[in-house]
Amino acid sequence: MDTLPDLLKEAALKLHHSKPPPPEDFTTDSLQTELFKEQKYAKLAASQKGKKPRQRSTRADLIDNQQKDQALDTKELPSDYVKAFKTVITSEYKPSSKGLDSLTPITVNDLLVGIIHRNNYIVLRTITDPVRKTGIKTIVEDHEGLADTLTLFNVNYDLDDQAFLPINSYVLIRAPYYTLGVYGYYGVRCDHPSDIIMLHHEHNLVKQFSWPALPENMDTVLTCEVLKDQGNTLFSEKKHQWACTKYTTALQQNESLKEQNLDMWVALHSNRAVCRLKIFQYEGAISDCEEVLKCLPKNKKAMFLKARAFYFLRRFDKSARACEDLIAEYPDLDEANNLLDECLDRLRESSRGDYDFRSMEDKARSEDVARLDHADYIGPVQILQCRDPAKGRGLFATRDIRQGELLLCEKAFVVTTDTPKRYYLTFNTVRKEVFSGPRAQLPCQLIRFIYDNPSTANSIMQLDSGGRGKRSSNIRYTPEGQPIIDAFTVSNIVGNNLLELEGVPLGLEEKEEPKEKEKDDQRETWGGACGVWVMTSHMNHSCLENVGRTFIGDFVIVRATKGIKKGDELFQSYADVTKPLKDRQYIFKKMGFMCKCAMCRYQTYMSTKENQEREKAVKNFTKFQDASTKKIAKMSPDLAPQVRKHIDIIFHTYSNPAFCTELLRPYGVLSTLQFTSNHLKGCANSLCRIVELVAGCDPLADEEFEPKLWLSEYVYYFLYLCIVFDLLEDKKNYENCWKKAKMILGILSGVGYESARIEEAIRCFRHSMRLY
Ligand SMILES: C[S@@+](CC[C@H](N)C(=O)[O-])C[C@H]1O[C@@H](n2cnc3c(N)ncnc32)[C@H](O)[C@@H]1O
């Protein structure tokens with residue numbers, strides 16, 4: 001067990017943390033080179049636009065290649081092999097909104113390269129099992145027996161679950177887009193889930209054509225009993241999507257089942273509802289339950305599953321009401337009583353912000369991917385239109401807010417982590433952008449979730465997409481009832497609103513404390529997580545932010561870093577504020593705005609000469625710049641004068657010493673050298689000086705610490721100062737710094753500084769900084 005001084009020392013000595021690098025093949029340079037290659041392919045494909053494919057692969061070749069891909073999928077790969085899952089976007093086309101009766105069917109032979117056949121649909125039958133790339137790829141044939149490739153994107157969350165498109169399924173693609181695909185083959189590609197309709201064998205749109213006969217035994221129509229048993233077996237094997245498909249087929253194949261065999265019909269709906277709860281199709285589960293309840297209003301299973309589905313949808317009030325109805329019928333049903341208790345806890349959390357942060361943090365630490373079960377709390381803030389219309393909407397204080405007050409505690413709408421051995425890549429040749437890792441994986445999950453649960457879609461579709469696609473207030477449906485979700489708009493919304501949890505997994509893979517050596521290795525493993533938090537996304541940017549953000553599992557916790565007046569806007573920073581102006585501006589430009597905060601204005605007006613001189617001075621400090629704290633601690637204290645000289649040079653490049661962030665690192669190095677050589681007073685002076693220069697206020701003043709520029713790094717400086725003043729037996733300054741460290745830690749760790757015990761705060765903080 002760590003003692004408090006140990007915790008303090010470790011937290012204090014960790015002055016800088018950085019995101020671990022990606023695997024070698026996926027560095028910025030290699031991805032850039034690959035993007036150029038993809039742009040060339042896109043040009044080549046464009047030159048064939050409107051033509052028939054130059055050379056169509058034979059059915060045998062297509063099947064052969066698919067089998068090779070399948071073999072690769074199942075092959076045991078070397079332990080250090082990272083497989084790339086690649087998506088290339090060469091056109092951001094819109095989903096179709098037309099009804100099928102206004103579209104005419106076409107065949108594979110009619111497809112033209114680079115064309116979205118807007119007035120058509122195509123019915124295809126799969127002739128292989130699918131392989132999972134980023135999308136799902138399979139080989140299909142039309143009713144004339146002509147084969148081609150079909151790739152569906154954004155259709156599934158679960159990588160190991162290929163049940164979406166088993167062999168011999170019929171699929172209809174609305175407005176098919178025929179293109180030269182990612183892997184160099186022609187094929188139909190579909191990015192929007194509402195352009196896909198799965199059809200059963202007996203469907204009129206299948207039967208309108210006469211299909212080539214299937215190999216023997218493959219066209220047997222199975223009875224409901226057999227399909228249900230198959231579904232149940234698949235469910236017990238945790239193949240939930242497959243099981244769901246079986247129950248659906250049983251229901252679709254026999255439209256009069258309800259009249260003929262009500263028990264079977266109820267069982268199929270109930271079983272499908274259970275599966276749907278497992279695959280995030282909560283609204284589908286609710287509609288299954290409601291079907292059953294229409295006939296049997298007191299059906300216990302359907303009543304309970306419906307209450308559960310509302311809970312998973314985070315409609316805690318509806319879930320509580322459904323529980324109450326259930327308890328009225330079955331008062332002793334433990335599951336219902338327990339679920340009701342959970343709902344009441346959630347409702348309390350959302351109305352009072354009443355969380356046990358300690359247990360949240362414990363849970364986050366003990367799970368691999370910590371998706372926590374709590375409600376959202378929206379504190380004294382509201383969304384309003386900004387005075388500057390170009391800024392859109394923002395978050396504003398509804399009353400005066402104290403420093404440290406909890407403003408938001410919000411669960412991620414969607415969150416993804418790096419998957420070991422898999423690396424996701426999205427190349428967008430239209431926008432000349434590459435996304436990698438969880439960022440590339442996020443849109444697919446989001447699209448699928450809102451497609452399956454369309455009542456949740458509006459909150460996402462109303463977020464800002466950085467001017468790429470309009471905000472839509474209400475999602476529309478195809479005449480066949482599918483929600484129309486434009487995958488590219490969602491992807492752009494993700495790009496403009498995601499938050500990164502730098503190098504921080506949502507939970508730790510290791511259940512036990514790693515040994516000393518492993519700790520460092522672990523920090524080096526490449527990793528990352530990102531997500532979208534809807535309410536938090538409404539906060540506009542300022543480098544001089546007035547809120548602090550922490551993540552506990554998939555929750556973001558937002559607290560005020562200074563007093564905020566009623567009606568004032570809340571700002572978070574979208575960029576690392578310690579980075580030079582031009583690096584920050586690069587990020588803002590990509591998001592379509594320029595920051596006009598006091599720091600940006602001040603740095604903009606500094607002369608080019610001044611900036612160049614500073615850049616040069618900082619570059620000369622490289623030797624120390626890249627060294628780890630541990631390394632610096634081992635350096636000779638005789639280097640201190642040299643570091644001090646560098647500090648002087650950099651300092652004198654500022655015509656007006658405000659926001660001297662370039663001095664953070666040199667002063668960090670100097671204070672470490674001073675500490676290790678026992679020059680404690682000098683160390684305290686260095687730490688105070690840098691806080692004063694960057695924060696714009698005296699760190700040892702008696703009053704509250706309200707920095708102009710908020711940095712999480714201050715916590716290190718104050719903890720460090722505590723250690724130094726303790727050693728110097730300077731009780732007054734020790735207590736002063738302790739109070740301030742506690743306040744900052746309270747904000748950074750999410751636990752709330754008034755109630756936080758420091759050990760707890762440090763533990764949370766260490767966790768969020770991945771210091772374990
Ligand atoms: C995450 S959204 C923030 C909420 C957004 N204002 C809205 O109306 O939904 C990011 C977008 O807000 C706008 N924005 C954020 N901070 C801004 C600022 N300081 N100045 C101007 N526009 C800003 C930009 O259009 C940016 O792409």
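In which loop does Ser-573 lie?

Author: Ser-573 lies in the loop between β24 (571–572) and α19 (581–590). Helices here are DSSP runs of H or I with at least four residues, strands are runs of E with at least two, and both are numbered from the N terminus. This is a predicted model, in which local features need pLDDT of at least 70, side-chain atom pairs count only at pLDDT 80 or more, and totals for chains, interfaces and linings use all residues. Residues are numbered from 1 along each chain as its sequence is written, and side-chain values use heavy atoms, with hydrogens and water left out.

Back to the serine. Ser-573 has a relative accessible area of 8%, so it is buried (under 20% is buried, over 50% exposed, in between partly exposed, with a 1.4 Å probe and protein chains only). Its side chain reaches the backbone oxygen of Ala-575 at 2.7 Å. That is a polar contact (a pair of N or O atoms within 3.5 Å; within protein, one must be able to donate a hydrogen and the other to accept it, and residues adjacent in sequence count only if both atoms are side-chain atoms). Set aside neighbours within four places in sequence, and Ser-573 is in contact (heavy atoms within 4.5 Å) with His-541, Ser-542, Cys-543, Glu-545 and Arg-549.

Follow His-541 from that list.

Now look at single atoms. A ligand nitrogen is 2.7 Å from an N or O atom in the side chain of Asn-540. A ligand oxygen is 2.7 Å from a polar backbone atom of Arg-393. For Met-591, a polar backbone atom is 2.8 Å from an oxygen of the ligand. The protein covers 92% of the 570 Å² of accessible area that the ligand has on its own (Shrake-Rupley method, 1.4 Å probe; for residues, only the protein chains shown count as cover).

Next, a buried phenylalanine. Phe-555 is in strand β23 (residues 555–560). Phe-555 counts as buried because its relative accessibility is 0%. Beyond four places in sequence, its contacts include Arg-314, Met-360, Cys-409 and Trp-533.

Last, a strand. Five of the five residues of β8 (residues 170–174) are buried, so this strand is largely enclosed by the rest of the structure. Tyr-170, Leu-172 and Arg-174 point one way from β8; Val-171 and Ile-173 point the other way. Strand β4 (residues 120–126) pairs with β8 in the antiparallel sense over five bridges (pairing needs at least two DSSP bridges). There, Tyr-121 stands opposite Arg-174. Strand β11 (residues 196–199) also runs antiparallel to β8, joined by four bridges. In β11, Leu-199 is the bridge partner of Tyr-170.
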